[in-house]
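Hi,

Here is the structure I promised to send over.

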Amino acid sequence: MREELWAQFANDDLTVCGDGQCDSPGFSAKNLCYYVMEMITGYVIEIEVLDKRHVGLKSSTMEKKALNHCLQRLQRVLNVIEVCTDASSSIKKLIADEFKTLFHSLDVWHKAKSIRKSIQKVVASTKGNDKVGKWSNQIINHFWHCCSIASEHEDTTEALAAMKDKWLSLLHHACNEHEWTTGRCNHEEMEPNEEHPPWFDRREQDYEALQKVVLEPSLLDSFKYYVKFRHTGSLECLNSMSLAYAAKRTSYKYRFYKARKQLAAIDWNYHLDRKVAVGSKGGEARYSRKYNQRTKEWNTRIIKVDKDYDYIPIIMAKVFRRRMEDVLHTDRHVSLSENDPERIASTIAHTAPVSSKELFERHQTRFETKK
Ligand SMILES: [Zn+2]
C-alpha cells in the first residue's frame, strides 16, 4: 500500500509533516509511533514505530530517531523539499544537521499558543500591564496574518522580511496610528467599536510591556520557521483517532502496537475523502456545533458520511490467501522480525529480570529481618 502511495507522488516536490506520539507521557514511554503525512493531500506516507530498547532505554530520544528513519527512507524514493514538525530543540537540530537541503517549518497554531503564554507572563510579571492582556486576541490574530502574508512570497528571504515588517507594524497600529513614514496598515477604515481594547500611549508603562512581547528576540528569531504558514491539525486528528486502535492505558508488545498503528493509518488514508453527510431529506449538508469555553463562541463542524471500512474484507482475503499458499505447518517456529526490540532485550527494565519466585523469597527474607 505504501509503495502505491509513493508512486503517486513520484514526480512531485513534497512538503511533509510529522509528529510522534508516545504510549505514555515522556520519560516513562515504552513505545512511540511517528506518522509522516503529505501536507497537501493528507495521506500518511510513512510510519516508524520504536520501542525504548531501540534507543538504549532513553525514551526521550525516540521521536528524533523515528523522524530520522522516516526522512531517510522517504528521501531514497521521493523528492521531499520541506518538513513541518513540532518545535522541540532536538528535532530542530536534527533537521539542521542531517537534512540540510530540507526547509524546516513549524506549526503556526502551536506558536500562537506559546505567544499567548508569553503575553500572560508579561501581564503577570508587573502590575499595570493589563492592557497587553486585553490585546491578546489581536496580537495572536496579527501573528496568523503575518504568517499568511509571508506565505505569499516564493522567496524565503523576502517572505521573512515581509513577515517581520508586518509584525512590527503592530507597535504603530496599537497606538491608533495607521500610517507612518515607512509604512501603513492594510485594514479598512476603523469604525468605532466598544469591544475593541483601549489604544496604547507610547509614554505609558504598558506600551513597554507590549514592546517586550512584540520585540522578544527569540520570537523574532523563530519567524523563519513560520513563513510557509503550515498547520499540522490533521496530524493531531490522526493521532487522536489512532488511540482507538492502541489505547494509552494498555501496554502492547512492540509487534502488536506497530500493527495497530499501521491499521489506524490505513483507516485514515482510506477514509480521507469521505463525502459530506446530507440531511435525511437530502440537499443540505449536516453540521454539528461545539461551544469553545475559552473564546466563548460556538464553533461548527461539518459532518461526513459514516466510515464504511470496505478495505477490511480485502485485508482478510489477503491474509487467507497467504495462509492457503503457505505449505508449512502453523506450529512451526517463527523468528522475530529483524527490528523487533525483543532481539535487543527481553524486557524494558534497566536490570536483568529476576524470577517471580526469587523476588518473593527476597521480599520474605527482608520481612523476616525487620521483625
Ligand atoms: Zn492599523
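Two things before you start. Residue numbers run from 1 along each chain as its sequence is written. This is a predicted model, so I kept to its rules: local features need pLDDT of at least 70, side-chain atom pairs count only at pLDDT 80 or more, and totals for chains, interfaces and linings use all residues.

**The whole chain**

The protein chain has 14 helices and nine strands (DSSP runs numbered from the N terminus, with at least four residues of H or I for a helix and at least two of E for a strand). Its radius of gyration is 26 Å, well over the 21 Å from the globule rule for 371 residues, so the chain is more spread out than a compact globule. That radius is taken over C-alpha atoms, and the rule is 2.2 Å times the number of residues to the power 0.38. Along the principal axes, the C-alpha atoms fill a box of roughly 80 × 70 × 50 Å.

Of the 371 residues, 24% are buried (20 or more other C-beta atoms within 10 Å of a residue's own; 12 or fewer is exposed, in between is partly exposed, and C-beta atoms are placed from the backbone). Take the contacts between residues at least 6 apart in sequence: 59% of them join residues at least 24 apart. A contact here is two C-beta atoms, placed from the backbone, within 7 Å.

**The sheet**

Five strands make an open sheet with mixed pairing, in the order E3-E2-E1-E4-E5 (strands pair if DSSP finds at least two bridges between them). E3 (44-51) and E5 (103-106) are the edge strands, each pairing on one side only. From one strand to the next the twist averages 25°.

E3 is mostly covered, with seven of its eight residues buried. Its pairing with E2 is antiparallel, over seven bridges, and one to look at is Cys33 with Val49. The two strands form a hairpin with five residues between them, and Gly42 in the turn has a positive phi of about 85°.

Helix H2 (residues 62-77) lies across E1 (13-22), E2 (31-38), E3 and E4, at about 140° to E3. Angles run from 0 to 180 degrees between N-to-C directions, and axes are lines fitted to C-alpha atoms, for helices over the stretch in contact.

**Helix packing**

H6 (residues 136-150) packs with H7 (residues 156-168) at about 155°, axes 8 Å apart. The two are therefore roughly antiparallel (over 145 degrees; under 35 is roughly parallel, 65 to 115 roughly perpendicular, the rest oblique). Residues of H6 that meet H7 include Cys146 and Cys147, and those on the H7 side include Leu160 and Trp167.

H6 also packs with H4 (residues 108-125), at about 150° with axes 10 Å apart. Among the residues meeting there are Ile115 and Arg116 in H4, and Phe143 and Trp144 in H6.

**A lysine to look at**

Is Lys30 buried or exposed? Lys30 sits in the loop between E1 and E2, and it is buried, with 21 other C-beta atoms within 10 Å. Leaving aside neighbours within four places in sequence, its contacts include Asp23, Asp51 and Ser251. Ser251 is 221 residues from Lys30 in sequence, yet their C-alpha atoms are 8.3 Å apart.

Cheers
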